[in-house]
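Please keep the structure open beside you as you read.

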Amino acid sequence: MSSSADEAPRRRAGRGRYRPLLQRVVAANAALLVAACLLTVLVLAPRKFSTVAVDEAIVLLVALALVALINVFLVHRFVAPLQKLNALARRVDLASPGQRIPDARPISEAGELAATFNDMLARLEREQREVSRRVLAAHESERLRVAQELHDEVGQTLTAVLLQLSRAQERLPRELSGELREAQAAARASLEDVRRIATDLRPETLNDLGLASALAALSDGFGRRAGVRVERQIATPIPALGSEAELAVYRIAQEALTNVARHAGSDSAELTVSSDPDLLTLTIRDHGRGLPNRGAADGNGVRGMRERAGLIGAKLTIEPPLHGAGTELRLELPLDGARCSG
Amino acid sequence: MLTGGRDAKRGSEDRTPGTDASAKQVRLMIVDDHPAVRLGLQQLLDCQPNFSVAAVCIDAEGAAARAEAERIDVAVVDYQLGGRNGLWLCRQLRRLPDPPHVIIFSAFANDHLAACCAVAGAGAVLNKGVLGSELCDAVRSVVRGRRLLPRVSQPLADMLRRRLPEREQMLFGMLLAGIPRVEIARTLAMSARELNCRADAMLRDLEPLPGEASASDRPQRRLDRERLIPRPRPASPLRG
Ligand SMILES: Nc1ncnc2c1ncn2[C@@H]1O[C@H](COP(=O)(O)OP(=O)(O)OP(=O)(O)O)[C@@H](O)[C@H]1O
Ligand SMILES: [Mg+2]
């Protein structure tokens, strides 16, 4: 019973089976007024009824109109914030933070409720940010661990194998050395793979040489490995952003380029970083087939990018470019905000 | 028969200094914190004509002590060691009265490391993926006094130079260009000691991982690598 009652208003998009408050108040007051007038006429002046009927009727109508007006005015003031609250509560989405009920001031019970609702949204967003930050930090430290393990164990063992193969080559008869060379080539290739994977997992260059070098290395790597030629324009020096923001920008660029290689079907892309005193802009544009028309839900990649952008107070858009085909991702990071959160 | 067999086995394992008497013998030191790599290096280098592995060490401090006690011609040193790193060791070794040549043998041999090697006075930097024969060739080259450092790209060199105080930038450029230290010291009219001190100070600003951390600071060093993880930025704890 109760659950169906809960669902009803939601299902009918705000038009539940109840009568709106305004109607009810006006009807009740009108009924009261009419009853009071009738009572006055019937009890106090029953004989004059016929003569005063017209006058009374006019007074009654004017009073009714006044009552309705006053009611509309008062009730509307009360109900309007509730309606806004209702509308916002229906569409609010923590993934796009910053939505609030406009002019929610605690000047009435309903206004107070709206203000409280706004506070609650702010609190939820704060908590959500905290949770995302922790999840991302856990991801990063896990990546770091895996990269370290790869390098410290697999990489070292492969190095040892290579050394031993080299030694064996000098001692073995010639007819075996061809096979040995193949084994050597395979071991070298896997060592190279280990290095590449470790570097993807843990962008050493970012730590050692800063964002500009790391983005340059990243785009070169995509050119070599994924066959996507990345033309880059990085206005150096990039202002200092703080390690959190730098990592976020780097990871967003990494995911965006991965998406280009995976989905765009284009063999060239442009990576641009430009900055003016209060805004840093990263754009990654490809000339491929573009985003799917509609209904393509954000995957983990895009969701992760949005999350990272949100955490550093940046704006992220992924749209078709103004001119030509393809996709353009644009990240705008206000520099003062970045410095505070970094 | 049995004892003979044992003796023969022992004989093959022991080093035989008698045959090493020729003046061309290259005495090598291997420093790596991974056992398999140490073993691989030792086996490979030991079976080369005229090479003898005189010392095998697992960390930088031990290696520095060993090199003081014993004549070493070439040290093959991993960059990342537990505790102090390979470049720290390189600087220690190059200060000895008869300094060994140093080959930095690293899994992450890139331009950046090459630039640091130039400042630290290493003779070569090699990627761990190279063939054994390339490593042996490198040893022979550095013994003859050649320098095998890849050319550092101009943008990277500029970026690293900007990290340094102005008065060090020229010195950095000279070190990077591979001008011999005696010549640099003469040109800039300073003692070898002063040159070394200034190069050390420079490395603190240049190195990917500051090499000053002592063995007991290993966790701290790891923390520094984990700076990539979002966290309130510490004021470069290792720079002090
Ligand atoms: N550059 C692009 N060109 C064309 N389509 C794209 C591009 N980038 C993203 N898309 C579309 O957007 C969708 C969502 O991308 P998203 O990165 O979130 O997920 P994914 O790449 O499919 O998987 P993953 O979670 O592993 O990243 C993709 O499936 C793809 O259809
Ligand atoms: Mg993706």
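This is a predicted model: local features need pLDDT of at least 70, side-chain atom pairs count only at pLDDT 80 or more; totals for chains, interfaces and linings use all residues.

1. Setting aside neighbours within four places in sequence, A:Asn71 is in contact with A:Leu22, A:Val25, A:Val26, A:Asn29 and A:His76.

2. A:Arg202 lies between helix H5 (174–201) and helix H6 (204–209) of chain A. Is A:Arg202 buried or exposed? Its relative accessibility is 3%, so A:Arg202 counts as buried. From A:Arg202 to A:Arg145 the C-alpha distance is 9.1 Å, while the two are 57 residues apart in sequence.

3. Now for chain A as a whole. Its secondary structure comes to 10 helices and five strands. Chain A has 342 residues, of which 35% count as buried. If you take the contacts in chain A with a separation of 6 or more, 68% of them are accounted for by residues 24 or more positions apart.

4. Chain B can be described in the same terms. You will find 11 helices and five strands in chain B. Of its 240 residues, 48% are buried. Contacts in chain B between residues at least 6 apart in sequence join residues at least 24 apart in 68% of cases.

5. At least three residues of the core come from each of two domains of chain B, domain 1 (4–11 + 22–143) and domain 2 (154–224).

6. Which residues is B:Leu87 in contact with, leaving aside its neighbours within four places in sequence? They are B:Tyr79, B:Ile104, B:Leu113, B:Cys116, B:Cys117, B:Ala120, B:Leu203 and B:Glu207.

7. The contact takes 36 residues from chain A and 43 residues from chain B. The size of an interface is often given as the accessible area lost when the parts come together. Here chain B and chain A bury about 3500 Å² between them, with 56% of it on carbon and sulfur atoms.

8. How many salt bridges are counted between chain B and chain A? The count is one. B:Glu134 forms a salt bridge with A:Arg188, with 3.7 Å between the closest N and O atoms. Seven residue pairs in polar contact are also counted between the chains. On the side of chain B that touches chain A, two or more residues come from each of helix H2 (35–46), helix H6 (132–143), helix H7 (154–162) and helix H11 (218–225). The largest share of that side, seven residues, comes from H2(B).

9. Over all chains, the structure holds 33 salt bridges. One of them pairs A:Arg196 with A:Asp193, the closest N and O atoms being 3.7 Å apart. These two are three residues apart in helix H5 of chain A, so about one helical turn separates them. Both are partly exposed: A:Arg196 has a relative accessible area of 30%, and A:Asp193 has 37%.

10. The side chains of B:Arg27 and B:Glu70 meet at 3.2 Å, N to O. B:Arg27 lies in strand E1 (residues 26–31) and B:Glu70 in the loop between helix H3 (60–69) and strand E3 (74–78) of chain B, so the pair ties together parts that are 43 residues apart in sequence. B:Glu70 also forms a salt bridge with B:Arg66, with 3.0 Å between the closest N and O atoms. B:Arg66 is partly exposed, at 31% relative accessible area. Elsewhere, salt bridges that share partners join A:Glu130, A:Arg133, A:Arg134 and A:Glu244 into one network.

How values were computed. Residues are numbered from 1 along each chain as its sequence is written. Chains are lettered from A and ligands numbered from 1 in the order in which they are written. Side-chain values use heavy atoms; hydrogens and water are left out. Domain bounds come from an automatic or database domain assignment. Contact means heavy atoms within 4.5 Å. Buried area is the accessible area (1.4 Å probe) that two parts lose on being put together, summed over both. A salt bridge is a side-chain nitrogen of Lys or Arg within 4 Å of a carboxyl oxygen of Asp or Glu. A polar contact is a pair of N or O atoms within 3.5 Å; within protein, one must be able to donate a hydrogen and the other to accept it, and residues adjacent in sequence count only if both atoms are side-chain atoms. Helices (H or I, at least four residues) and strands (E, at least two) are DSSP runs, numbered from the N terminus. Buried means under 20% relative accessible area, exposed over 50%, partly exposed in between (1.4 Å probe, protein chains only).
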